[in-house]
Structure formats: structure tokens, C-alpha cells
Amino acid sequence: MASNIAIEKLSKDNYDSWKLQIEAILVKNDHWNFVTEPERKPEVTADNATAVAKWISDDQKAKADIFLSIHPSELSQIKNFTTRILD
């Protein structure tokens with residue numbers, strides 16, 4: 001998440017408003033596609049190492065935005081969260 005944007009962390013009482021705000025953060029950061037239409041990880045070839053590295057980085061950034069927007073007391077609910085489509 002950009003340091004100048006603050007949203008209320010997800011808790012058991014604020015899902016509806018949190019959902020709107022985290023969607024806006026992910027859209028702003030060009031990572032919404034990792035949530036709605038998971039972008040497949042590019043096949044590793046000699047010609048696309050940069051594309052694979054960018055995919056991995058963007059995937060990690062999307063997960064970080066989500067994790068950082070969740071109240072610590074709720075993190076145990078997603079501790080095993082992984083990307084839906086890895087390859």
C-alpha cells in the first residue's frame with residue numbers, strides 16, 4: 001500500500017467498507033487482476049525471465065497490500081493464503 005493511503009484494517013465488523021477500500025488500493029496499484037482474474041504466471045523460458053520476475057513481484061505486492069490491510073487479530077484466518085493460479 002502506498003504510505004500516504006490509510007484504510008481501516010479489516011476486522012470482524014467492517015468487511016463491506018474494507019472490501020471497497022482494498023479494491024481501490026489494488027486497482028490503483030495495478031494488482032486487482034491478481035484477485036479477480038488471476039493472471040497466470042508466465043512459463044519460464046530463456047526469453048522471458050524479466051516477465052516472470054515482474055509477475056512474482058506484482059503477485060507478492062498484491063498479497064502484501066491485502067495482508068497489511070487486515071487487523072492482526074484476523075491474520076490467523078489467512079495465514080495459509082496462496083495465489084490461486086501459480087503456473
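Analyst: What follows starts with the chain as a whole, then turns to the aromatic pairs and their surroundings.

This is a predicted model, in which local features need pLDDT of at least 70, side-chain atom pairs count only at pLDDT 80 or more, and totals for chains, interfaces and linings use all residues. Residues are numbered from 1 along each chain as its sequence is written, and side-chain values use heavy atoms, with hydrogens and water left out.

The chain has 3 helices and 0 strands. Helices (H or I, at least four residues) and strands (E, at least two) are DSSP runs, numbered from the N terminus. The order of elements from that end is α-α-α. Of the 87 residues, 24% count as buried. Buried means under 20% relative accessible area, exposed means over 50%, and partly exposed lies in between (1.4 Å probe, protein chains only). The chain exposes about 6,200 Å². Carbon and sulfur atoms supply 54% of that area. Accessible areas come from the Shrake-Rupley method with a 1.4 Å probe; for residues, only the protein chains shown count as cover.

Now the rings. A pair of aromatic rings is described by the distance of the centres and the angle of the planes. Rings of Phe, Tyr and Trp (its six-membered ring) pair if their centres lie within 6.5 Å; planes under 30 degrees apart count as stacked, over 60 as edge-to-face and the rest as tilted. The structure holds 2 aromatic pairs. One joins Tyr15 and Trp18: the ring centres are 6.0 Å apart and the planes stand at 40°, so this pair is tilted. Both residues sit in helix α1 (residues 15-28). They are 3 residues apart, about one turn of the helix. Tyr15 is partly exposed, at 43% relative accessible area. Trp18 is buried, at 9%.

The other pair is Phe34 with Trp55. Their ring centres lie 5.8 Å apart and their planes meet at 55°, so this pair is tilted. Phe34 is buried, with a relative accessible area of 10%. Trp55 is buried too, at 5%.

Helix α3 also holds Phe67. This residue is partly exposed, at 32% relative accessible area. Phe67, Leu75 and Phe81 make a nonpolar surface patch of about 230 Å². Like charges are joined within 9 Å, and nonpolar side chains (Val, Leu, Ile, Met, Phe, Trp, Tyr) within 5 Å.

Asn29 lies in the loop between α1 and α2. Asn29 is partly exposed, at 22%. Its C-alpha atom is 9.2 Å from that of Asp58, 29 residues away along the chain. Asn48 lies in the loop between α2 and α3 and is buried, at 17%. The side chain of Asn48 reaches the backbone oxygen of Glu43 at 2.6 Å.

How values were computed: Patches are made of residues with over 30% relative accessible area and no salt bridge: like charges are joined within 9 Å, nonpolar side chains (Val, Leu, Ile, Met, Phe, Trp, Tyr) within 5 Å. A salt bridge is a side-chain nitrogen of Lys or Arg within 4 Å of a carboxyl oxygen of Asp or Glu. A polar contact is a pair of N or O atoms within 3.5 Å; within protein, one must be able to donate a hydrogen and the other to accept it, and residues adjacent in sequence count only if both atoms are side-chain atoms.
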